[in-house]
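Student: I would like to learn how to read sheets, helix packing and ring pairs in a model of this kind. Could you take me through it feature by feature?

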Amino acid sequence: MDQPLIPASSLIDPDDLQTRLQTLRQVQRPRYGRLWSYYANPMRVTGQVCNGSDRPYRQGQEWGLPTRITGRGGRADESGQTARKEIVIENDIAWRVETSVDYLFGQTVSIASDSPDPDRRAVITELLRRIIEHNGGIRFLQQLSLLGAIYGFIDVLVKLETPPDPSASSDPASASSPDSTLQTPDPGATVIRSLDPALERIARMVRLEIVEPARAVPILSPRDWREVIGYVQHYELPRPRVAPRRQNNAGWLDRLRTAGRESPDRRPTTIPVIEIITPDRWQRIEDGRIVAMGINSLGRIPLVHMQNTAVPFAYEGNSDVEALIPLQDELNTRLSDRANRIALQSFKMYLGKRINDFASLPVGPGRMWSTDDDQAQVQEFGGDAHCPSEESHLTDLREAMDKTSGVSPIAAGAIKGRIGRLTSAAALRITLLSLLARTERKRTTYGAAIEAMCELSLAWLDHAGLFPNTPSERRIELNWPSPLPQNDVEKLEEAEIKQRLGIPREVVLQELGYGS
């Protein structure tokens, strides 16, 4: 993408935007791809068995292994010996990330409106619940947590998709004129009931679009790093293949002669696409040309940005994967070294001295050798010897990954020995203190993001006239379930105590998971 750009706002400098796009392609995208590879550890099939290895595949985490293990390009060295050794990869990153996601969004989060009117509170709560369910429900929240843990941050664009109106231009970042049949009356006159089919149709118009970090280019204000003055997406689409033109007056013999010799399409196989959204306008640029543009009718960027863990003075947060990569490389290296040592020393070898035909006779049960030389002997060597320093080093590496990630094997249910009687929530809380603390910190950032998504959704519906509401009605409350397993009897007893203290019955039922 070397053609000049026409930004949607005077706040965005074209030259600065070109520099940011180049940095995204050359620096950030390879980094994001490496983070995903260390989490997923994808397998690439080579299709053949080479270099004496019985494993015809390569894995993503082999990138961090030394050359003495992976070999130089998978080939043999000058002496003819196989350079590639046995490779063992134990992906300790994936299960730690997935365990943290399970503790954060393993159960459904209760979303309730904070409207003072009980009828409006019930309607808005039902509407927000349907919006989240339409966009994936708990799976959507788990995807947010997973991508945030891998990349360190995640962005969501809140869009309103109304039925097509021929008289209005399409606006991917804002809403068109709504259909009059979907407009709701004055909330003071008529209350939309939770079972009204119109509520379901309205909820389906709100789309929560997850933006892949490898295509996001936020433009921050030079005065305040927390303010986003422009949001750019850069990605590529496959270019449609155009069939070569042929002359209609050419005979069948000429067409047969020229078949397969048409000039190939020299253009790139993909089309670069750039989408720019500012508080007042939006643009879509394909292959260096503006194909669509319009007014952002909402008056602000419908963006929800969330950090995995809060980091000041930075747009990105801390990635759970990036901090574990050096430890994962060291663990895979030592496991591969141990596998090679075991492969070479797992069989005992014998050195025979002054015994005739010792090399030609195999070693086996019942085999006997005879010699008249009184100085003959058979010396045994090899075998897998115990290496306490190696075992200690592997244990230290796994403990270092436990401290860095905050996720211990106990959190994933991997219990090797007796660790005591963990029958109470207090004992589990002490055991999983680090993971629970990290979960609470993530609830702060992801909870604020959920509140922002709900607020933007209601703002879109109010702006389009589909569901009129006031800013005070857009506040919500989140009820997070306990990440620890609890006894149902203890939960019911605690609920009864809360109700006797004066806590509303509907709040107690929502905490128990019996909300409306």
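Student: In what order do the strands of the open sheet of five strands lie, and with what pairing?

Tutor: Bear in mind that this is a predicted model. The open sheet of five strands has the order E6-E7-E8-E9-E10, and its pairing is antiparallel.

Student: Which strands stand at the edges?

Tutor: Strand E6 (216–220) and strand E10 (289–295) stand there, each with a single partner strand, so one side of each has no neighbour in the sheet. Direction ignored, neighbouring strands of this sheet are turned by 15° against each other on average.

Student: Which strands does helix H1 lie across?

Tutor: Helix H1 (residues 14–40) lies across E6, E7 and E8, and runs at about 135° to E6.

Student: What is the order of the strands in the open sheet that three strands form?

Tutor: That sheet has the order E5-E4-E11, again with antiparallel pairing. Its edge strands are strand E5 (206–211) and strand E11 (303–307), each of which pairs on one side only. Neighbouring strands are here turned by 25° against each other on average, direction ignored. Strand E4 (residues 153–160) runs antiparallel to E11 and is joined to E11 by five bridges; phenylalanine 153 has glutamine 307 in E11 as its bridge partner.

Student: Which strands does helix H5 touch where it packs on the sheet?

Tutor: Helix H5 (residues 138–151) touches E4, E5 and E11, and its direction makes about 140° with that of E4. Helix H6 (residues 197–205) also packs on this sheet, where H6 touches E4 and E5, and its direction makes about 25° with that of E5.

Student: Turning to a pair of helices, at what angle do the axes of helix H3 and helix H9 cross?

Tutor: The axes of helix H3 (residues 92–105) and helix H9 (residues 388–405) cross at roughly 30° and come within 11 Å. Angles under 35 degrees count as roughly parallel, and H3 and H9 are therefore roughly parallel to each other. The crossing in which H3 passes H9 is right-handed.

Student: Which residues of H3 meet which residues of H9?

Tutor: From H3 come Asp92, Ile93 and Arg96, and they meet Arg398, Met401, Asp402 and Ser405 in H9. Sorted by kind, the residues of this contact are two nonpolar, one polar and four charged.

Student: How many aromatic pairs does a search of the whole structure find?

Tutor: The search finds eight aromatic pairs. In reading one of them, the angle between the planes matters for the label, since planes over 60 degrees apart count as edge-to-face. The rings of tyrosine 38 and tryptophan 63 have centres 6.3 Å apart and planes at 85°, so this pair is edge-to-face. The pair links distant parts of the chain, 25 residues apart, with tyrosine 38 in helix H1 and tryptophan 63 in the loop between strand E2 (57–59) and helix H2 (67–70).

Key:
Residues are numbered from 1 along each chain as its sequence is written. This is a predicted model: local features need pLDDT of at least 70, side-chain atom pairs count only at pLDDT 80 or more; totals for chains, interfaces and linings use all residues. Side-chain values use heavy atoms; hydrogens and water are left out. Axes are lines fitted to C-alpha atoms, for helices over the stretch in contact, and angles run from 0 to 180 degrees between N-to-C directions. Helices (H or I, at least four residues) and strands (E, at least two) are DSSP runs, numbered from the N terminus. Angles under 35 degrees count as roughly parallel, over 145 as roughly antiparallel, 65 to 115 as roughly perpendicular and the rest as oblique. A crossing is left-handed if the near helix is turned anticlockwise from the far one by less than a right angle, and right-handed if clockwise. Contact means heavy atoms within 4.5 Å. Ala, Val, Leu, Ile, Met, Phe, Trp, Tyr, Cys and Pro count as nonpolar, Asp, Glu, Lys and Arg as charged, and the others, Gly among them, as polar. Two strands pair if DSSP finds at least two bridges between them. Rings of Phe, Tyr and Trp (its six-membered ring) pair if their centres lie within 6.5 Å; planes under 30 degrees apart count as stacked, over 60 as edge-to-face and the rest as tilted.
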